[in-house]
Amino acid sequence: MTDATSGDGARAGSTAQPAGGAKGPDELRQQIEQTRSQLGDTVEELAGKADVKGRAKARAADLRDKAGAMTVQLRSSAAHAGHAVQGKAHRAGHAVQDKAGQAGHAVQEKAGQAGHAVQGKAGRAGHTVERRVPGRARGVVRVGLDHPRAALVAGAAAGALVAAGVLRRRHHGRC
């Protein structure tokens with residue numbers, strides 16, 4: 001029988017001690033057990049390399065894990081960006097609200113000034129009219145100034161009477 005041994009008695013490619021160098025049966029059994037273990041590891045390693053389907057499954061699982069991690073990271077980034085945008089919108093809303101309040105106050109102030117100006121002009125006009133009205137009618141003008149609603153109602157009633165008279169004349173052909 002031919003044995004593939006090198007000149008020193010060891011098998012080619014083996015890392016075990018030379019077979020002839022064992023001191024006794026126990027040491028020989030130990031060397032055999034060590035060789036079997038190494039051979040089992042080598043066979044397992046070769047089987048793993050030959051198992052393409054298993055390697056593909058392992059690679060797919062690894063890629064799924066990486067995709068899951070990226071998903072978590074992207075969701076976190078999106079949430080952070082959303083919070084940042086929400087904060088900016090909140091601050092912008094407050095700025096707009098402040099400016100609207102300032103504009104409202106400015107308009108209110110201008111309207112108050114215009115109201116006072118109109119009130120002053122109306123008062124001066126009323127006094128001018130009061131001075132130009134003959135003495136007997138001044139009392140009526142004063143009552144009208146003191147009670148503008150009553151004067152308005154009386155004026156509307158007088159206007160309605162005049163309009164009714166004009167319509168009656170037109171209807172009867174007198175005009």
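The legends below describe close-up views of a predicted model.

**View 1. Overall fold of the predicted model.** Local features are reported at pLDDT of at least 70 and side-chain atom pairs only at pLDDT 80 or more, whereas totals for chains, interfaces and linings use all residues. Numbering starts from 1 along each chain as its sequence is written, and side-chain values use heavy atoms, with hydrogens and water left out. The protein has four helices and zero strands, in the order α-α-α-α along the sequence. Helices (H or I, at least four residues) and strands (E, at least two) are DSSP runs, numbered from the N terminus. Of the 175 residues, 3% are buried; buried means under 20% relative accessible area, exposed over 50%, and partly exposed in between (1.4 Å probe, protein chains only). The protein exposes about 15300 Å², of which carbon and sulfur atoms supply 60%. These areas come from the Shrake-Rupley method with a 1.4 Å probe, and for residues only the protein chains shown count as cover.

View 2. A salt bridge is a side-chain nitrogen of Lys or Arg within 4 Å of a carboxyl oxygen of Asp or Glu, and the structure holds three of them. Arg-29 is exposed at 55% relative accessibility, and Asp-26 is exposed at 59%. Side chains of opposite charge can pair when their charged atoms come close.

**View 3. Salt-bridge network of Arg-59, Asp-62 and Lys-66.** Asp-62 meets Arg-59 at 3.7 Å, N to O, and Lys-66 at 3.9 Å, N to O. Arg-59 and Asp-62 are three residues apart in helix α2 (residues 52-132), so about one helical turn separates them. Lys-66 and Asp-62 are four residues apart in helix α2, again about one turn. An α-helix has 3.6 residues a turn, so residues three or four places apart point the same way. Asp-62 is partly exposed, with a relative accessible area of 32%. Arg-59 is partly exposed at 48%, and Lys-66 is likewise partly exposed at 48%.

View 4. Helix α4 covers residues 148-172, 25 residues in number. At 1.5 Å a residue, the helix should span 36 Å, and its end C-alpha atoms are 36 Å apart, which agrees. The expected span is 1.5 Å times one less than the number of residues.

**View 5. Confidence along the model, given as pLDDT.** pLDDT is the predictor's confidence in each residue, from 0 to 100. Its mean over the protein is 81, and 84% of the residues reach 70 or more. Among the elements, α1 has the highest mean pLDDT (90) and helix α3 (residues 135-146) the lowest (72). Over residues 1-13 the pLDDT is below 50, and this stretch has nine contacts in the model beyond near neighbours in sequence. A contact means heavy atoms within 4.5 Å.
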